[in-house]
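Have a look at the fold before reading on.

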Amino acid sequence: MIVLGIDPGIGRTGWGVIEVKGSRNTALAYDCFETPATRETAARLVDLRAEILRIIKKHKPEMVGIEELFFNTNAKTAMVVGQARGVVLEAIAENGIPIISMTPPEIKTAVAGYGKADKDQVGKMVKMLLGLPSVPKPDDTADALACALACSFSYKMKLA
């Protein structure tokens, strides 16, 4: 099974594609898509949607794990990130791909065993679980791979 993990944002959206074969998870591709703050929000959302559709077309995920918007003290930032997440969800749904939405603490618990794990702990666990040579950077990319892993673990639990 091919799983796409997404850590949505307006400035940076991390993404990671893993292949799940039994108990083995292998990273196939991962990166972080950035949109310049100098562009209008609507144009940035169009670019984000196009990038997500490109990733879907290239990697053909059978399931997508996406991070839920966690409470943000800056309402303006939360609104724009929510818009980005909405665009990503629409692009996934348009392609008929099942979505598992998880909070950051749920993802951290699945990957690091502790819902309040810091970014460094999550990155190290992603590196270990996927057998990567180094922790993926930036953090958004490691978070997206963690989301893909958590999605695969959740799916396996439902099957059991």
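Angles under 35 degrees count as roughly parallel, over 145 as roughly antiparallel, 65 to 115 as roughly perpendicular, and the rest as oblique. Keep in mind that this is a predicted model, where local features need pLDDT of at least 70, side-chain atom pairs count only at pLDDT 80 or more, and totals for chains, interfaces and linings use all residues. Residues are numbered from 1 along each chain as its sequence is written, and side-chain values use heavy atoms, with hydrogens and water left out.

**The helix pair**

Two packed helices are described by the angle between their axes and the distance between the axes. Here α3 (residues 104–112) packs on α4 (residues 119–130) at about 50°, with the axes 9 Å apart, and α3 and α4 are therefore oblique to each other. Axes are lines fitted to C-alpha atoms, for helices over the stretch in contact, with angles running from 0 to 180 degrees between N-to-C directions. Who meets whom? On the α3 side it's K108, V111 and A112, and on the α4 side V122, M125, V126 and L129, with contact meaning heavy atoms within 4.5 Å. Those residues split into six nonpolar, no polar and one charged.

**The sheet**

Five strands make an open, mixed sheet in the order β3-β2-β1-β4-β5; helices (H or I, at least four residues) and strands (E, at least two) are DSSP runs, numbered from the N terminus. β3 (24–34) and β5 (99–102) sit at the edges with a single partner strand each, so one side of each has no neighbour in the sheet. On average, neighbouring strands are turned by 20° against each other, direction ignored. β2 and β3 pair antiparallel over ten bridges, pairing being called when DSSP finds at least two bridges between two strands. Helix α3 comes back in here: it lies across β4 (63–67) and β5, running at about 100° to β5.

**Two residues to look at**

K21 belongs to strand β2 (residues 12–21) and stands opposite R24 in β3. T77 is in helix α2 (residues 75–94). For accessibility, buried means under 20% relative accessible area, exposed over 50%, and partly exposed in between (1.4 Å probe, protein chains only).

| Residue | Relative accessibility | C-alpha separation |
|---|---|---|
| K21 | 57%, exposed | 9.1 Å to I2, 19 residues apart along the chain |
| T77 | 34%, partly exposed | 27 Å to A112, 35 residues apart in sequence |

A112 also turns up in the contact of α3 with α4.

Note on methods: Ala, Val, Leu, Ile, Met, Phe, Trp, Tyr, Cys and Pro count as nonpolar, Asp, Glu, Lys and Arg as charged, and the others, Gly among them, as polar.
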